[in-house]
Every structure is written in structure tokens, then in C-alpha cells.
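Visitor: I would like a close look at one part of this model, namely its charged side-chain contacts. Please take them pair by pair.

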Amino acid sequence: DNNLIDVSSGCTDITLEDLELKNAPAYGIGMQRDGFSNCLISDVVIEETGRDGIDFKMDTNASGLGNLIRNVTVKNFGRYTTAQVPQAGIDVRCGVSVRDCYVDGTPANAVGCRVNNSADLGETQASVFDNIKCVAASLTNTKGFQFVNTRGKYSNLQSEGAYINYWVRCDHSQFNNLISKGGTFGVWSYASGTETLGYNTF
């Protein structure tokens, strides 16, 4: 896939630390598809990627546990993003938490930070986002944060200049100290016609 770093399914206790990654044709770091546990990405700078800065996802929702991304900066990602295939600076699913990160230069049709998992796997595998700032470079269909999650915990977040700074499709999730600057919409809460979402706290 022309990622700068690829980590295969089923890896445990992997640490990627003190790295500077530039000019990735695809992902800066790609960790797919299943079975990651107790992995750490820390103190990494990623600049100029074709797709996501970090893509850390499990196809089987219950297969990830205890993974953390911290102290990461992502700049100018998603050169090849489109409305049909929106890229993200940091893209995770359940079992991955993100802390103390900065995403800058979100392009048109892209997302700064995204968590995408609708399954309810309980507290132990819910994602936690804390102390993250996302800055958009375009108002065209951008999102600062996109949350599709159950039982997530999101605190001390700041989004600037996106078309939607916080896009929320969540259930039983907690939001605390969200800052929205500029852009068009601060918080956009979404549910499809067949969904019943609720019990979120702001």
C-alpha cells in the first residue's frame, strides 16, 4: 500500500516511538486489520501523506484492546482524499485511545480525528480522546472530529475552522470541555432514520 510503516494483524506490545515520517504515498502508519493489543505510538511527527496520517483499525470490533496513540503531530495529510473516500489525520476504531495530539492542515473532504465503531463492547474497549487539537485548512466538507462510537469518553478537545467542528453519531458517550472556533457548525449530531441514539452527556 506504500505506507511508510506497516504493522501486521495480530501484533501485541509493539512500540513506535521518537519517529519523524515524511512524504508517504499512502498512510504514514498503517496498523490493520485485527488483533492488536497493548501497542503504543508515541512522540511521532507525520507530514505530507497521501491518505491517513495514522490508520489504526480492527475489522473485527472486539479484537483490539489497550492500544494508545499519544504525543503525535500530523500535518498536511490526505493529498488524495475525495468526498467518496475521506481521509483522516488520525483514524481509529475500538480498543485504541488518543491523547495529547495535534492535527493541522485538514484538507477539503477530510477529517482531523475520527473514531468509527458502532458496536457496544463495554467500557474496557471504548475509545478515549483527551487533549487533542485539530485545525482545518478548508471549509469544504471538513470535520474536525468525527465520532461514531458507543461509550466513548472525549475531553479537552479543540477544533478550528472546519465545516463541522464536531460530528457526533454516538450512544452512551461522554463529552467534556469541547472548544469550537471558526468554521460553520460547532456540533452536528446525526442519527439515521432507523437509529435510536442517546444517553450522551455534554
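Visitor: Which side chain meets that of D91 in a salt bridge, and what is the N to O distance?

Guide: This is a predicted model, and in it the side chain of D91 forms a salt bridge with that of K57, at 3.5 Å from N to O. D91 belongs to strand β7, whereas K57 sits in the loop between β5 (54-56) and β6, so the contact ties together parts that are 34 residues apart in sequence. D91 has a relative accessible area of 2% and is buried. K57, at 12% relative accessibility, counts as buried because the cut-off for that class is under 20%.

K57 also meets D55 in a salt bridge, with 3.1 Å between N and O. D55 counts as buried, its relative accessibility being 0%. These contacts belong to a network of salt bridges that links D55, K57, D91 and R114.

Elsewhere, the side chains of E48 and R79 make a salt bridge with an N to O distance of 3.8 Å; the cut-off is 4 Å, so the pair is counted. This pair, too, links distant parts of the chain: E48 is in strand β4 (residues 40-49), R79 is in the loop between β6 (67-75) and β7 (88-92), and 31 residues separate them. E48 has 28% relative accessibility and counts as partly exposed. R79 is likewise partly exposed, at 39%. The count for the model comes to six salt bridges, among them D91 with K57, K57 with D55, and E48 with R79.

Terms used: Residues are numbered from 1 along each chain as its sequence is written. This is a predicted model: local features need pLDDT of at least 70, side-chain atom pairs count only at pLDDT 80 or more; totals for chains, interfaces and linings use all residues. Side-chain values use heavy atoms; hydrogens and water are left out. Helices (H or I, at least four residues) and strands (E, at least two) are DSSP runs, numbered from the N terminus. Buried means under 20% relative accessible area, exposed over 50%, partly exposed in between (1.4 Å probe, protein chains only).
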